[in-house]
Amino acid sequence: MAVRRDEQLIGRERELARLHELTRLVAAGRGGLGWVRGEPGIGKSALVDVVAGAAARQGCAVHRAAGDELAQAFPLRLMADAFGVSARADDPARAAIHRLLRGEDTGAADPVLAAGERLLELVDRLCTAGPVVLVLEDLQFADEPSLLLWNRLARAVDQIPLLLLATDRPAPSRGTVARLHDLTRERRGELVELGPLSEDGAARVAERLLGAQPGPRLRRELARAGGNPLYVRELVDALTRDGLVTDGEFHGADGAVPDSLAVAIRGRLRFPSADVLRVAALLGNDFGIDELVIATGRSVAELTVAVEEAIAAGAIQEVGSRLAFRHEVIRQVLVGQASTATVESLHGHLARELAAAGHGIDLVARHLLAAPGFADRWVAEWLAEVPESMLYAVPQVAAELLTRVTRIRSPDGRLWPVLAARAAQVLYWLGRPEAGRLAAEVAQHTDDPALAATMTILRLRAAGRVGQAEEALALAAAPVGPDVPRHLRARLAAWSAINFASFGEVDRATATAEHALAEATRSGDRLTLGYALHASTLVVDAPTAVDRIDRALAELGDDPASTDLRLMLTNNRLTYLAVLGRWHDVEASLPRALVLAERAGTFRAASLLATAAEVGYMHGDWDDALVHLSGIDAEFRANRANLNPPAVGALVALHRGDRDAAGAWLAAAGDDFAELTRLRTNWRLAAAWSLSAEVAGEPERALDRLSTLLEQSDVPGQRTRQELMPHLVRLALSVGDRGLADAAVALCQADADADPQADRIAAARCCQALRDGDAEGLLGAALRYGEHGWPLQRALALEEAAVVLAQDNEPGRARAAFTAALNVYNGLGAAWDLRRVEARLRPFGIRRGPRSLRRRPTSGWAALTPAETRVAKLVARGMSNPDIADELFLSRRTVQTHVSNILAKLRLRSRIEIMREAVGE
């Protein structure tokens, strides 16, 4: 019995009208969010079908896919399906994404993250061509990376003509899906809860199907459907097939109506070729004829007949070049008809045949995970031969498969060390703590010195990452056998040096790094030399570190295998350049680094954004710093090893007088001050907590929190406290703690003597002048800070000089220093500092004039920063975010953040409105 969509939408007129409004808006250029929730069969798909059809008629491009319970472990499967990503795609961009997801593109540091960025870029470009509607059904079965992409797209609908429309079930409940549902509410999307149809609604559905009004007996029987439209249709269809309904009335005996939906659906599946569908059901919600040929062993001609029968019976439907079950319940019923032994046997057969046919791990693994056949030798041999890059394309699945097979096989077997080593590497990639333990087992059971050394390197990295100092130092100090190849000896030495440095063993780190560098040079292996040079940068001064990083980057070139190391080196280089005040070099290299990180797809993109925000804060580019911070996903902001992102966000907010925003940033970092500021990398967080206390009028508490800077730092490359030391001296003097001020001055001078860089010399002189009340010294420090490119430190020195000069009864010079400090603070937008310096100089009769400062407006075109103005002009030309990123050599995320800021400042709702407004500018 054919089912018309209007039959499925009876009683849903109000919900349909709400969703139609979303399509009207997106067709006009304004994006939005919609979410439809309800139990299976309640009419979610029917509702979005009609909405999608209406959107298409209004000129929208509609992309659609559904979650598959069997494919949840396969990254980005849902998004890739929605946008037609496949090997057969004519579009080069889609084909490139397919290669990434198959692990065939070895240039990506993380193929999943890289593919996600490419998909986001694809959506941007599609939205530039016209409005887009993305319908994703059954999000409760979606893979996690697709849900994360949905989250990022949901935060971009305010600037591109994109309508996101989701469906899901109340159960099973998933935390990520629940958060996305809440996000839809927060961003004022349409939330539609589909409940049961009323008795009259169910009767109207039956009337449409039968062409006659249901009689009293039939209405009573239909009440068993519980208001579920799917159950109503299946019951009516079953009764009609059995000849139990005539002229709209039920004439069967009591109990003739099935008590379950499954029974009703089984009646639909009574046709000769239904056994083919039972095999197809094991392939998932959708499948291709080629997969069905392998699974059944039948020819295409035979399967064509079976497929046509199934389509005629309403069990499956065509979706592009593939076939899909009309409803997930139908597939579940088919799977439920087979015994457990039969299902497991079929999955095992499918896995082996698909592997033999050359299909990738993404298709083979779903059947292996559903079958108990891991003891079969072919599974181990197949896993040992799968290209390593493909394992990282589906890391969770690969880890599960490899872990299972290594548990079953004997450690003394020929394949076990190979498989266990692969498992350890994937587990390390996933950040799993068992990676180090498994690597140790491999090293113990293998006779291959190269494999043993590779696993020891993995153990070193794993122990260092989780802060296991005792194990890391023991491994770093262990002797290396003579049979280990030279390039691996050099890598071992490099990672040993890194661990020595990380845990304060400076002398051993220096000696080991020099040894690693010598061995790496003799090995002739570029990647090994790169690691050795990286290790050596941790134990030398900043200028030498930059030189060695530059040498490493030149040696590595654009070798895809070195992508992660190049990003790590580039990140460190930016920090050193900022410390050295080489801002021209920072400006030239930062955009390229961010673009490389985004294209490569790696967690280091978040690390680079954090560094970009930090150097922006140091240089006074606070608006740019906030742009970079907004591009960091929330999951990376809570990285306890480096909490500089929330620290920088809090510092900017505090200086600008926004205590609520500062509180949110600090809350994101956590409230365990003693633990969080224990590591040297979190000194800036201590500064944020200190400033928060000072702003709250608690100078003693502020001093206590900043005094962590006095703790000894043994690693030269990690001494960055000079930027903050003047603030410590200022606080100590403000509460009358002369002893602490003296200690800070002495320590700052010692740092400058040990490593006489310009920033350390300026900090030492500023601290001494602060303590001694030396106005000339403070003015000299301000000059040095200005030359070094540190405006906040310059303003502080000018402010202190103004106070000292006012106390020395030199009002003219005091006013000049005061005005200069005001101008710097004003340029930074540091409203709190402006109020502080004004309050300090007011008792001396020094006030700013009515026109001494010009503040940037908070709204309108004049409120845009120079970067935002450049982006706005390109948006007005109709360019997409990726095109703008290419034009300005920025990352796509940075452009997206700029566009969001532009819309907020201009108080507009879409890019089209920017284009209209720009005409009048």
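These are my notebook entries on what I looked up in this structure.

**Ground rules.** I am working with a predicted model, in which local features need pLDDT of at least 70 and side-chain atom pairs count only at pLDDT 80 or more, while totals for chains, interfaces and linings use all residues. Residues are numbered from 1 along each chain as its sequence is written, and side-chain values use heavy atoms, with hydrogens and water left out.

**Confidence.** I began with pLDDT, the predictor's confidence in each residue on a scale from 0 to 100. The protein has a mean pLDDT of 86, and 93% of its residues reach 70 or more. Over residues 1-7 the pLDDT stays under 50, and for this stretch the model has 14 contacts (heavy atoms within 4.5 Å) beyond four places in sequence.

**Helix α41.** I take helices as DSSP runs of H or I with at least four residues and strands as runs of E with at least two, numbered from the N terminus.

I then looked at burial, where buried means under 20% relative accessible area, exposed means over 50% and partly exposed lies in between, using a 1.4 Å probe and protein chains only. In α41 the buried residues are Leu740, Ala741, Ala744, Val745, Leu747, Cys748, Asp751 and Ala752. They cover an arc of only 170 degrees around the axis, which puts them on the same side of α41; the arc is that of the directions from the helix axis to the C-beta atoms. On the face turned away from that buried side I found the exposed residues Asp753 and Ala754. The cover over the buried residues of α41 includes α39 (699-706), α40 (725-734) and α42 (758-772).

**Leu770 and Leu733.** Leu770 lies in helix α42 and counts as buried, at 8% relative accessibility. Not counting residues up to four places away in sequence, Leu770 touches Pro726, Val729, Arg730, Leu733, Leu778 and Glu800. Leu733 has its place in helix α40 and, at 30% relative accessibility, counts as partly exposed. With the same exclusion of residues up to four places away in sequence, Leu733 touches Arg738, Ala741, Leu770 and Arg771. The C-alpha atoms of Leu733 and Leu770 are separated by 8.5 Å, although the two are 37 residues apart along the chain. I also noted that Leu770 and Tyr531, 239 residues apart in sequence, are 43 Å apart in space from C-alpha to C-alpha.

**Helix α48.** In helix α48 (residues 881-888), I found Asn881, Pro882, Ile884 and Ala885 buried. They cover an arc of only 160 degrees around the axis, which puts them on the same side of α48. The face turned away from this buried side carries the exposed residues Asp886 and Glu887.

**Positive phi.** Most residues other than glycine have a negative phi, so I looked for exceptions. Just after α48, Phe889 takes a positive phi of about 55 degrees. Asp247 has a phi near 50 degrees; it is found in the loop between β6 (245-246) and β7 (249-250) and is exposed, with a relative accessible area of 73%. Arg907 has a phi near 55 degrees; its place is in the loop between α49 and α50 (911-919), and it is exposed at 67% relative accessible area.

**Arg893.** Is Arg893 buried or exposed? Arg893, which lies in helix α49 (residues 892-906), is buried, with a relative accessible area of 16%. Leaving aside neighbours within four places in sequence, Arg893 is in contact with Glu117, Arg152, Glu598, Leu609, Gly631, Ile632 and Asp633.

**Aromatic rings.** Rings of Phe, Tyr and Trp (its six-membered ring) pair if their centres lie within 6.5 Å, and planes under 30 degrees apart count as stacked, over 60 as edge-to-face and the rest as tilted. By this rule I count 7 aromatic pairs. Phe287 and Phe325 form a tilted pair, at 5.8 Å centre to centre and 55 degrees between the planes. Phe287 lies in strand β8 (residues 286-287) and Phe325 in strand β10 (residues 322-325), so the pair ties together parts that are 38 residues apart in sequence. Both Phe287 and Phe325 are buried. Tyr785 and Trp790 form a stacked pair, at 6.3 Å centre to centre and 20 degrees between the planes, and both are buried.
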